[in-house]
Amino acid sequence: MAEAQGRHRASRRVLLASLWLTLLILVVKVWIGWATQSLSLLAEALQTLINGFSLLLSAIALTSRYPASREAGGHGKVEAVLALLMAAFMGFACLSVLVLAVQQLGAIAQDSANLLPVRMSAPLLQLLGVVMATNVCLACFQRYEAGILENTALRFSASYLFQDTWLMLPVLVALVGAGHGYLWLDPLLAIVMVILAVCHCWRIFNWQLPSLMKQMAIAPEALAQTIHQVEGITHCYGIQSRGVVGRQVFVEMRLILHPECMSVARTIAERVERAIRDRYGPAKVVIYIDSDRPKSD
C-alpha cells in the first residue's frame with residue numbers, strides 16, 4: 001500500500017511539472033504566432049493545448065483530495081465539465097482559424113490590400129527551435145518516468161509530445177517560405193493543422209473516456225469470484241470498478257491474505273491483476289493488502 005501511494009505521489013509531481021512546462025510552451029507558441037501573424041503556428045499551438053488538457057485530467061485523477069470518493073484512475077464531475085468546456089473552446093478556436101485561413105487564401109489570390117503577411121525574424125525562429133528542443137527533452141523525461149512509475153498517462157503524453165515536435169517542422173518550413181514570398185504556405189498549413197487538431201482532440205477524449213465513465217464497469221460479485229481463484233486470499237472487500245470493459249477498466253480493492261502468505265503478497269497481487277486482465281481485458285488495478293482479520297470487519 002505504501003509503495004502504491006509513493007508511486008501515486010511521484011506520478012502526480014511529474015504530471016504537474018509536465019503540465020507547467022507544457023503551458024509555458026503553449027504561451028510561447030501563442031505569443032510568437034500572434035506577433036508574427038502566423039495562422040499555422042496558432043493552429044499548431046492547439047496540439048500543445050490538447051496535450052496540456054490531457055495532463056490536467058490525469059493529474060486531477062491522481063490527486064489525493066478525494067481519497068474516499070474517487071476510484072483508481074477515475075474522474076469526477078469537475079473533469080467532466082472541463083471536458084465539455086474544452087470541446088466547446090476547441091470548436092470555437094478551430095472554426096476561427098479556418099475562417100481566417102480561408103480569408104487569407106482569398107486575399108492572396110486577389111492580391112488584396114487586406115492581406116496580413118507573416119512577419120518572421122531570426123530571433124523568433126531560434127526561439128521556436130528552443131521550444132522544439134524543450135518538447136523533445138520533456139517527451140524523453142516523461143517516457144523515462146513512465147517506465148519507472150508504470151504510468152500510462154505519462155507514456156501517452158510522451159508519444160503525443162514527439163508527434164507535436166514533428167508537426168513543428170512543417171510549420172517552420174511554412175514560416176521560412178512565407179518570408180521568401182510563398183505567402184499561401186501559412187494559411188494552407190493552418191487548415192491542415194486544424195484538421196489534425198480535431199483528430200488529436202478526439203483521440204484524447206477517446207483515451208480519457210473510460211476514466212470519465214461513472215457507472216460501475218464490473219459487478220463486485222463477479223470480480224470477487226475471479227479474485228478468489230488466486231490462492232492465498234481469505235477475503236476481498238471494498239471492490240470498486242469503472243471504465244469500459246474491453247477498452248480500459250479501473251479496479252480498486254482490498255485483500256486479506258492468509259498469514260502464511262504475507263511474505264508473497266506482491267506475487268499474489270500480480271496474479272490477481274493478471275487474472276482480471278485475462279478475463280476483462282486492459283485494466284489498471286490498485287490493490288491494498290490488509291492484515292488478517294474476520295470477514296465481518
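Helix axes are taken here as lines fitted to C-alpha atoms over the stretch in contact, with angles running from 0 to 180 degrees between N-to-C directions. In the predicted model, helix α7, which spans residues 220-227, and helix α8, which spans residues 265-280, pack on this basis at an angle of about 125°, their axes lying 9 Å apart. The two helices α7 and α8 are therefore oblique to each other, and their crossing is right-handed. To this contact α7 contributes Ala 222, Leu 223, Thr 226 and Ile 227, while α8 contributes Val 272, Ala 275, Ile 276, Arg 279 and Tyr 280. Sorted by class, the residues that join α7 with α8 comprise seven nonpolar, one polar and one charged.

The residues in the contact of α4 with α5 fall into 18 nonpolar, six polar and four charged. The crossing in which α4 passes α5 is left-handed, whereas that of α7 and α8 is right-handed.

These helices belong to a chain with eight helices and three strands, in which the order of elements from the N terminus on is α-α-α-α-α-α-α-β-β-α-β. Of the 297 residues in the chain, 46% are buried. Among the contacts in the chain with a separation of 6 or more, 73% are accounted for by residues 24 or more positions apart.

The cysteines were examined with a disulfide taken as a pair of cysteine sulfur atoms within 2.5 Å, and by this rule the count comes to zero disulfides. For Cys 140, the closest cysteine sulfur is that of Cys 137, and because the two sulfur atoms are 6.6 Å from each other, they are too far apart for a bond. Cys 140 has a relative accessible area of 42% and is therefore classed as partly exposed. For Cys 201, the closest cysteine sulfur belongs to Cys 94, and the separation of 7.5 Å is likewise too far for a bond. Cys 201 is classed as buried because its relative accessible area is 10%, with under 20% as the cut-off for that class.

Conventions
Residues numbered from 1 in each chain as written. Predicted model: local features only at pLDDT ≥ 70, side-chain atom pairs only at ≥ 80, totals over all residues. Heavy atoms only, no water. Left-handed = near helix turned anticlockwise from the far one by under 90°. Helix = DSSP H or I, 4+ residues; strand = E, 2+ residues; numbered from the N terminus. Nonpolar A, V, L, I, M, F, W, Y, C, P; charged D, E, K, R; others polar. Buried < 20%, exposed > 50% of the residue type's maximum accessible area, 1.4 Å probe, protein only. Parallel < 35°, antiparallel > 145°, perpendicular 65-115°, else oblique. Contact = heavy atoms within 4.5 Å.
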